[in-house]
Amino acid sequence: MKIISVRENPEYKDVAIQYFQGSWPEVAPIIYQDCIANCIDAAQSLPQWYLLEKDSEIIGCTGLITNDFISRMDLYPWLCALFINEEHRGNNYGNILIEHIKSDTKRFGFAHLYLSTEHIGYYEKLGFEYIAQGYHPWGDESRIYQVLV
């Protein structure tokens, strides 16, 4: 099992763009292309994009960003785009990525990590606490969670 930081391993840029676009088809493809391509030489620690590799196959991804298209711009950084291939779910791989992001969040000098989701139950098991509702530009709302890192 290997977690790949795209910023630290820019040779994975195109693989990451393709994987994120395929994992989140409801997001316009240009979003991930632009975000991932421009993270590599970013002056600040954020954004970060990660791939999870098992036996030379990419099986998951996630990101650490300043805002996840949500109204609470006073909160950051955000865990985003957590995805594990369906055939690999149930093996704690999502938590492996989350723990890595929590570690990087702390290393970058932040005390909390945030996420927005409609899921109830999964993130609470991993130490996240519901703190508020947040609102998206397209009119939807999501639950906002935080965890101390």
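**Figure 1. Strand 7 pairs with strand 5 and with strand 6.** In this predicted model, strand 5 (residues 112–117) and strand 7 (residues 141–148) run antiparallel and are joined by 6 bridges. Strands pair if DSSP finds at least two bridges between them. Helices (H or I, at least four residues) and strands (E, at least two) are DSSP runs, numbered from the N terminus. Leu115 has Tyr145 in strand 7 as its bridge partner. Strand 6 (residues 129–135) also pairs with strand 7 in the antiparallel sense, over 6 bridges. Here Tyr130 stands opposite Tyr145. Strands 6 and 7 form a hairpin with 5 residues between them. In its turn, Gly139 has a positive phi of about 100°.

Residues are numbered from 1 along each chain as its sequence is written, and side-chain values use heavy atoms, with hydrogens and water left out. Because the model is predicted, local features need pLDDT of at least 70 and side-chain atom pairs count only at pLDDT 80 or more, while totals for chains, interfaces and linings use all residues.

**Figure 2. Trp24 and Phe83 form an aromatic pair.** The whole structure holds 11 aromatic pairs. Rings of Phe, Tyr and Trp (its six-membered ring) pair if their centres lie within 6.5 Å; planes under 30 degrees apart count as stacked, over 60 as edge-to-face and the rest as tilted. Trp24 and Phe83 are edge-to-face, 6.0 Å centre to centre with 70° between the planes. Trp24 lies in the loop between helix 1 (13–23) and helix 2 (29–39) and Phe83 in strand 4 (residues 78–84), so the pair ties together parts that are 59 residues apart in sequence. Ring pairs link Tyr19, Trp24 and Phe83 into a cluster. Trp24 is partly exposed at 23% relative accessibility, whereas Phe83 is buried at 19%. Buried means under 20% relative accessible area, exposed over 50%, and partly exposed in between (1.4 Å probe, protein chains only).

**Figure 3. Arginines lie over the rings of Phe83 and Tyr130.** A charge sits over a ring if NZ of Lys or CZ of Arg is within 6 Å of the ring centre and within 35 degrees of the ring normal. Arg89 lies over the face of Phe83, at 5.2 Å from the ring centre. For Arg143 over the face of Tyr130, the value is 4.0 Å.

**Figure 4. Helix 1 and helix 2 have buried residues.** In helix 2 these are Tyr32, Ile36 and Cys39. Seen down the helix axis, they fall within an arc of 65° (taken from the directions from the axis to the C-beta atoms), so they line one face of helix 2. On the other side, Ile30 and Asn38 are exposed. The buried residues of helix 2 pack against helix 1, strand 2 (48–54) and strand 4; contact means heavy atoms within 4.5 Å. Helix 1 has Ala16, Ile17, Tyr19, Phe20 and Ser23 buried. Asp14, also in helix 1, is exposed at 53%.

**Figure 5. The largest nonpolar core has 24 residues.** A nonpolar core is a set of buried Ala, Val, Leu, Ile, Met, Phe, Trp, Tyr and Cys residues joined through side-chain atoms within 4.5 Å. Phe20, Ile36, Trp49, Leu51 and Trp78 have the most contacts inside the largest core. Helix 1, helix 2, strand 2, strand 3 (57–65) and strand 4 each supply at least two of its residues. A second, separate core of 19 residues includes Leu64, Leu97, Ile98 and Val147.
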